[in-house]
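User: Hi! I'd like a close look at a single part of this model, followed by a tour of what lies around it.

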Amino acid sequence: MSAPSSQPGDAVLHRKIAEQLSQHYEVVKTQHVRDLFARDAQRFERFSVEIPGLLLDYSKNRITTETMSLLADLAREANIEGWRDRLFGGEKINTTENRAVLHVALRNRSNAPVITDGEDVMPPVNAVLDKMGLFAARVRGGEWLGYSGQVITDVVNIGIGGSDLGPQMVYQALKPYRHERLRVHYMSNVDGAHVLDVLDGLNPATTLFIIASKTFTTQETLTNAQAVRRWFLRAAGDEAYIAQHFVAVSTNTDAVRAFGIDPANMFEFWDWVGGRYSFWSAIGLSIVLAVGMGRFTDLLAGGHAMDQHFQQAPLEQNMPVILALLGVWYNNFFGAESHVVLPYDHDLRSLPAYLQQADMESNGKSVDRTHTAVKYQTGPVIWGATGINGQHAFYQLIHQGTKLIPADFIVSLQPHETVGEQHDILMANFLAQTEALMCGRTLAETRAVMQAEGRADDETIAHKVFAGNHPSNAIMLDKLTPHTLGMLVALYEHKIFVQGIIWNLNSYDQWGVELGKQLAKTILPELTAVEDTLAHDGSTNALIQRYRDTKK
């Protein structure tokens, strides 16, 4: 497969508007955003959108009104509105797996019918939510007891990928709302060190385990679950006690029963729920246990509010569409290869990792919907960390490096806890970084600063100049609550969807994760085999043999 082209506009050459965008890029690429602000006193008003609880300021981007008009035309040419209707209408837009994509139904608080395969999915969705709520109420209220008659104090969620990253991110983000007695832990890595680290200090008699695996065959999850089962039985002794300490989020009743879990404590979800979009489903059981069903419902309602905005707002005022189009603008015209997410909120520290999977597993594709290799760049590398920490780590590269890295800055206007002036310092840094990236500092300005500080010009002055013109979006939450968190996550989900449509991708399969899994199953028995015959490449053969020798 040949490498995708990096010529401006090649990414959307299957779109007629691409040529106009390419010509427009040649004009805009030399313009500095600080000059655009100087010429337009209304730029913030022109390039910002607000819905209750959330503000998007995208005025610090390398765009003009013509840019956004042309990009909106690109969205229309890609039939974003039609694809959006197909998504919400329950059509099987995941064509390689012949599945609908209905995570939006999981948070459909209007309860309007959502039909797929001729059936309304809302009754079973609501039934599972009710079941989750009743179970969580028993655990949270102290009615559900362990084998020794004690209340549950700790919950361990055993999953991987979307069954781990999503619930863990939400659990961290909603710390101020957690139950005072229950502590939730997340186990994903098949590395035994992670298993032991999670179990360290836990009491088997007061710990509840959630095994989150749709098929109940996921190797990493079931390997960890079996290790935990053995650990539990060493203390409990009787296998009958497993039913009091293990529940499952799965669809495989037989395997769940064989493990020792009462099928009555199996929480269902469906094949139209992708793993990276699954915390809205029964995969969110650990969230419900932590914050309660009422606040989980608030989380769903926030997602639904963003769904409604995405469905109803004109493309030019549509937050997910705007973020998606800006991403295409930089990825496919400016040649940006990555996008950084910078939450200025400690409770959102896992959001970048969550979005890595959501975005890169969705649009990290090189074959389009017509089963043809693409000749353009698709999904960017998503990365990031909490903003203040990043300022003392990788911001140097963003400010003065040779790569263009668009950035999303995320902040909560109101903190849950006030410690002196710390939130003011946090906000000041948030604002300063977006301004510095955009404005930069010229040679003359740098010279003036040095002179004001009583320092003469020297050969180091060039190192203190900032080019600026680095694009960023500012996403401001009124306060980090279950509702606004739901809005924020749904915003990114729909952004990913829109970009996938523009790039003509199926954003809802993930065949790229399969090959490594298949090869691992072949290699695993070879690690302990006696015979020396190996049929891999020279490097893999040598590494396997080195491991065999070490085990001896």
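Analyst: Helix α5 is followed by G90, and the phi of G90 is positive, near 85°. Before going on, a word on the ground rules: this is a predicted model, in which local features need pLDDT of at least 70 and side-chain atom pairs count only at pLDDT 80 or more, while totals for chains, interfaces and linings use all residues. Residues are numbered from 1 along each chain as its sequence is written, and side-chain values use heavy atoms, with hydrogens and water left out.

Now the helix itself. Helices (DSSP runs of H or I, at least four residues) and strands (runs of E, at least two) are numbered from the N terminus. Helix α5 spans residues 80-88, and its buried residues are I80, G82, W83, R84, L87 and F88. Here buried means under 20% relative accessible area, exposed means over 50%, and partly exposed is in between, using a 1.4 Å probe and protein chains only. The cover over these buried residues includes α4 (65-77), α6 (103-106), α14 (293-312) and α21, where contact means heavy atoms within 4.5 Å.

A nonpolar core is a set of buried Ala, Val, Leu, Ile, Met, Phe, Trp, Tyr and Cys residues joined through side-chain atoms within 4.5 Å. The largest such core has 119 residues, and W329 and L485 have the most contacts inside it. Its largest share, 12 residues, is contributed by helix α21 (residues 482-502). Leaving out residues up to four places away in sequence, W329 touches L21, H24, Y25, V28, R62, I63, T67, L71 and F334. Another core, of 24 residues, lies apart from it and includes V156, A225, F232 and I242.

Next, the charges. Side chains of opposite charge can pair when their charged atoms come close. A salt bridge is a side-chain nitrogen of Lys or Arg within 4 Å of a carboxyl oxygen of Asp or Glu, and the structure holds 17 of them. One joins D117 and K92, at 2.9 Å from N to O. K92 sits in the loop between α5 and α6, whereas D117 is in the loop between β3 (115-116) and β4 (119-120), 25 residues apart. D117 is exposed at 60% relative accessible area, and K92 is partly exposed at 30%.

Another salt bridge pairs D154 with R183 at 2.8 Å, N to O. D154 lies in strand β5 (residues 154-158) and R183 in strand β6 (residues 183-187), so the pair ties together parts 29 residues apart in sequence. D154 is buried at 2%, while R183 is partly exposed at 43%.

R229 and E239 also meet in a salt bridge, 3.5 Å from N to O. R229 belongs to helix α10 (residues 219-236), and E239 to the loop between α10 and α11 (242-245), 10 residues apart. R229 is buried at 16%, and E239 is partly exposed at 49%. There is also a network of salt bridges linking D73, R76 and E316.

Finally, consider E526, in helix α22 (residues 514-526). E526 is buried yet has no salt bridge, and the nearest side chain of opposite charge, R548, is 6.0 Å away. In that count Lys and Arg are positive and Asp and Glu negative, with His and the chain ends not counted. Leaving aside neighbours within four places in sequence, E526 is in contact with L534, H536, I544 and R548.
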